[in-house]
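Work through the exercises below with the coordinates open. Each one gives a task, followed by a solution in steps.

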Amino acid sequence: MGRLQLWVTVLAGLSGMMAQEDLYRKVFVFRKDPSDAYVVLRAGLEQPLHNFTLCLRSYTELARPHSLFSYATKAQDNEILLFKPKPGEYRFYVGGKFVTFRVPEGRGDWEHVCASWESATGIAEFWLNGKPWPRKGLQRGYAVGAEAAILLGQEQDAFGGGFDVYNSFSGELADVYLWDTGLSPDKMRAAYLSLRLPPAVLAWKSLSYEVKGDVVVKPRLREALGP
Ligand SMILES: *[C@@H]1O[C@H](CO)[C@@H](O)[C@H](O)[C@H]1NC(C)=O
Ligand SMILES: [Ca+2]
């Protein structure tokens with residue numbers, strides 16, 4: 001075994017065979033419906049979260065319930081969950097409790113969502129396509145556990161498992177970010193416009209991920225913004 005090969009093997013062992021990649025202008029295509037496929041993300045959080053912001057972009061024809069982002073700890077499977085129970089509604093969970101945000105039904109286009117939460121006030125923000133919704137509140141004083149299984153494509157009912165294929169995602173996902181802070185309105189808008197963003201614990205431009213099953217990384221067919 002050459003030195004380079006040994007080094008690669010050691011790195012692969014340390015990272016659990018995770019790829020780290022700049023996915024700029026790329027998407028995950030979840031091809032099946034319903035699906036048992038998912039993508040595992042690695043965030044490298046060390047402290048419990050008292051503030052966070054989650055952003056992502058999705059493109060789907062699904063009318064059934066589906067999960068967009070599932071962050072489970074051993075104590076709480078819905079520690080952070082962004083879930084769409086039906087068209088025109090998002091549910092944002094923190095620590096097993098959720099608030100609902102009603103939105104116009106999609107017109108068959110990409111939807112960009114940011115959801116943030118602040119423990120000190122319990123304030124939850126929800127931004128759709130760069131626009132803030134009326135703020136709501138949940139889980140004031142709570143701390144989000146750092147040791148988490150973070151998945152795209154499936155909704156966890158147990159740490160790293162407990163999937164229901166009828167809650168799976170089918171379609172295209174992109175621009176997934178998680179910050180351990182709240183974001184200013186300017187940065188929320190920057191996330192929607194794919195502009196320069198602050199360093200994140202999960203960043204689409206340096207994503208540590210592992211595909212499980214039928215998910216393909218492909219270039220974007222077109223910009224997610226505009227007609
Ligand atoms: C969370 O955000 C609030 C408001 O921005 C800030 O005052 C607080 O220090 C933050 N807490 C942590 C643990 O970062
Ligand atoms: Ca769950």
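A residue counts as buried when its relative accessible area is under 20%, as exposed when that area is over 50%, and as partly exposed in between. The model used throughout is predicted.

**Exercise 1. The disulfide**

Task: Find which cysteines form a disulfide, state its handedness, and decide whether Cys-55 is buried or exposed.

Solution. 
- Step 1. A disulfide requires two cysteine sulfur atoms within 2.5 Å. The sulfur atoms of Cys-55 and Cys-114 are 2.0 Å apart, so by this cut-off the two residues form a disulfide. The count comes to 1 disulfide.
- Step 2. Cys-55 belongs to strand β4 (residues 51–59) and Cys-114 to strand β9 (residues 111–118), so the bond ties together parts that are 59 residues apart in sequence.
- Step 3. The S-S torsion is about 110 degrees, which means that the disulfide is right-handed.
- Step 4. Cys-55 has 0% relative accessibility and is therefore buried. Cys-114, at 1%, also counts as buried.

**Exercise 2. The calcium site**

Task: List the protein donors of the calcium ion (ligand 2), and classify the geometry of its site.

Solution. 
- Step 1. The donors are Asp-77 (OD), Asn-78 (OD1), Glu-155 (OE), Glu-155 (OE), Gln-156 (O) and Asp-157 (OD), at 2.1 to 3.1 Å from the ion. Along the chain, they follow the spacing D-N-x76-E-Q-D.
- Step 2. Asn-78 sits in the loop between β5 (66–72) and β6 (80–86), and Glu-155 in the loop between β13 (149–152) and β14 (171–179), so this pair ties together parts that are 77 residues apart in sequence.
- Step 3. For six octahedral donors, the ideal angles are 90 or 180 degrees. The angles among the 6 donor atoms here run from 44 to 163 degrees, and the site is irregular.
- Step 4. Asn-78 is buried at 14% relative accessibility, and Glu-155 is buried at 7%.

**Exercise 3. The open sheet**

Task: Give the strand order of the sheet of 8 strands and name its edge strands.

Solution. 
- Step 1. The order is β1-β15-β3-β13-β5-β6-β7-β8, with antiparallel pairing, and the sheet is open.
- Step 2. The edges are β1 (19–21) and β8 (97–102), each of which pairs on one side only.
- Step 3. Ignoring direction, neighbouring strands in this sheet are turned by 30 degrees against each other on average.
- Step 4. Take one pair from the order: β5 and β13 are joined in the antiparallel sense over 3 bridges. Ser-70 stands opposite Leu-151 of β13.

**Exercise 4. Strand β14**

Task: Which strands pair with β14, and how many of its residues are buried?

Solution. 
- Step 1. Strand β2 (residues 26–30) pairs with β14 in the antiparallel sense over 3 bridges. The bridge partner of Val-29 in β14 is Glu-172.
- Step 2. β4 also pairs with β14 in the antiparallel sense, over 6 bridges. Here Ser-58 stands opposite Leu-173.
- Step 3. Buried residues make up 9 of the 9 in β14, so the strand is largely enclosed by the rest of the structure.

**Exercise 5. The annotated domain**

Solution. 
- Step 1. The unreviewed UniProt entry annotates residues 24–223 as "domain: Pentraxin (PTX)".
- Step 2. From Val-201 to Leu-68 the separation is 133 residues in sequence and 18 Å in space, C-alpha to C-alpha.

Terms used
Residues are numbered from 1 along each chain as its sequence is written. Chains are lettered from A and ligands numbered from 1 in the order in which they are written. This is a predicted model: local features need pLDDT of at least 70, side-chain atom pairs count only at pLDDT 80 or more; totals for chains, interfaces and linings use all residues. Side-chain values use heavy atoms; hydrogens and water are left out. Donors are N, O and S atoms within 2.8 Å of the metal (3.2 Å for Na, K and Ca); water is not among the atoms, so sites may look incomplete. Four donors count as tetrahedral if all angles lie between 85 and 135 degrees; four count as square planar and six as octahedral if opposite donors are over 155 degrees apart and all others between 65 and 115; anything else is irregular. Helices (H or I, at least four residues) and strands (E, at least two) are DSSP runs, numbered from the N terminus. Buried means under 20% relative accessible area, exposed over 50%, partly exposed in between (1.4 Å probe, protein chains only). Two strands pair if DSSP finds at least two bridges between them. Axes are lines fitted to C-alpha atoms, for helices over the stretch in contact, and angles run from 0 to 180 degrees between N-to-C directions. UniProt positions are given in the numbering used here, feature names are shortened, and annotations may be inferred rather than shown by experiment.
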